[in-house]
Amino acid sequence: MIENEEEDDESDNEMGFGLFDDEDSFEYSEESSSEEDEGEEEQMQELQTYPALDDSDISKIINKQQSDGSWRVEDLDSIIKPGMSQTVFKILREAGGKSLGLKIYKDLCALIATLVVLRLLTVNFPDTYNLLFTPTISLSKAPDKHISILTMATDLCQKIDNRNPALVSRLELGYSLVDATDRILQKCV
């Protein structure tokens, strides 16, 4: 009996308890943003860690939005990168997303896909789109023709987050919505 307990202890020590516990996990580093050169370098590094979008992708993104304001995970393949949806589904499945029930899983998929699109717009087009990912998701800057569309998306994300508080942290996808989105994007690059 004692031998089995020792074996269990050894296997527990080798087990990763978070979805992103491998050496490729996303890490934040604190950098001083007081100098312009460092800020530009940081922005270039950030763009390299995210899928790149160009101006022609914006119309594809807008056209794929659903009537409720969300984007579908399946649409990420044609909008951002082929094969991305399989990676996102795998991450959500491994995190135990399906164990929460069909309704919550559908909400989770809509939330993650929408956050991915919003985050990529913010990162790739910072002068045009400025979405704030603070405790609430809000739109601070966007072209006039896209304000209503993006407001609908941010409202949907907020609604899903309010219905299922701390969903991403309970599934160990990240400690916040933006952290979970960034970690998923890191796995998809």
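# Asking how we know

This predicted model holds 1 aromatic pair.

Q: What makes the pair of Phe 125 and Tyr 129 edge-to-face?
A: The ring planes of Phe 125 and Tyr 129 stand at 70 degrees, and planes over 60 degrees apart count as edge-to-face, so that is the name the pair receives.

Q: How do you know that the rings of Phe 125 and Tyr 129 pair at all?
A: Their centres are 6.2 Å apart. Rings pair if the centres lie within 6.5 Å, so these two qualify.

Q: Why is Phe 125 called buried?
A: Phe 125 has a relative accessible area of 10%.

Q: Why is Ala 166 called partly exposed?
A: The relative accessibility of Ala 166 is 40%. Partly exposed lies between the 20% limit for buried and the 50% limit for exposed, so Ala 166 belongs there. You can find Ala 166 in the loop between α7 and α8.

Q: Is Glu 172 buried, exposed or partly exposed, and how do you know?
A: Glu 172 has a relative accessible area of 40%. That value falls between 20% and 50%, so Glu 172 is partly exposed.

Q: How do you know whether Leu 171 is buried or exposed?
A: Leu 171 is also found in the loop between α8 and α9. Its relative accessible area is 8%, and buried means under 20%, so Leu 171 is buried.

Q: What is Leu 171 in contact with, leaving aside its neighbours within four places in sequence?
A: Leu 171 is in contact with Ala 95, Gly 96, Gly 97, Leu 100 and Leu 108. Leu 100 is 71 residues away along the chain, and the C-alpha atoms of Leu 171 and Leu 100 are separated by 9.7 Å.

Q: How do you know that the buried residues of α5 line one face of the helix?
A: The residues in question are Met 84, Ser 85, Val 88, Ile 91 and Leu 92. Seen down the axis of α5, they fall within an arc of 125 degrees, so they line one face. An α-helix has 3.6 residues a turn, so residues three or four places apart point the same way. What covers the buried residues of α5 includes α4, α6 and α9.

Q: Which residues touch the most other members of the largest nonpolar core?
A: Of its 51 residues, these are Trp 71, Leu 76, Val 88 and Leu 173. Among the elements, α6 gives the most to this core, with 14 residues.

Q: What does Trp 71 touch, not counting residues up to four places away in sequence?
A: The list includes Ile 61, Ile 79, Ala 110, Val 117, Leu 118 and Leu 150.

Definitions and conventions:
Residues numbered from 1 in each chain as written. Predicted model: local features only at pLDDT ≥ 70, side-chain atom pairs only at ≥ 80, totals over all residues. Heavy atoms only, no water. Core = buried A, V, L, I, M, F, W, Y, C linked by side-chain atoms within 4.5 Å. Buried < 20%, exposed > 50% of the residue type's maximum accessible area, 1.4 Å probe, protein only. Helix = DSSP H or I, 4+ residues; strand = E, 2+ residues; numbered from the N terminus. Contact = heavy atoms within 4.5 Å. Arc of directions from axis to C-beta. Phe/Tyr/Trp six-rings, centres within 6.5 Å; stacked < 30°, edge-to-face > 60°.
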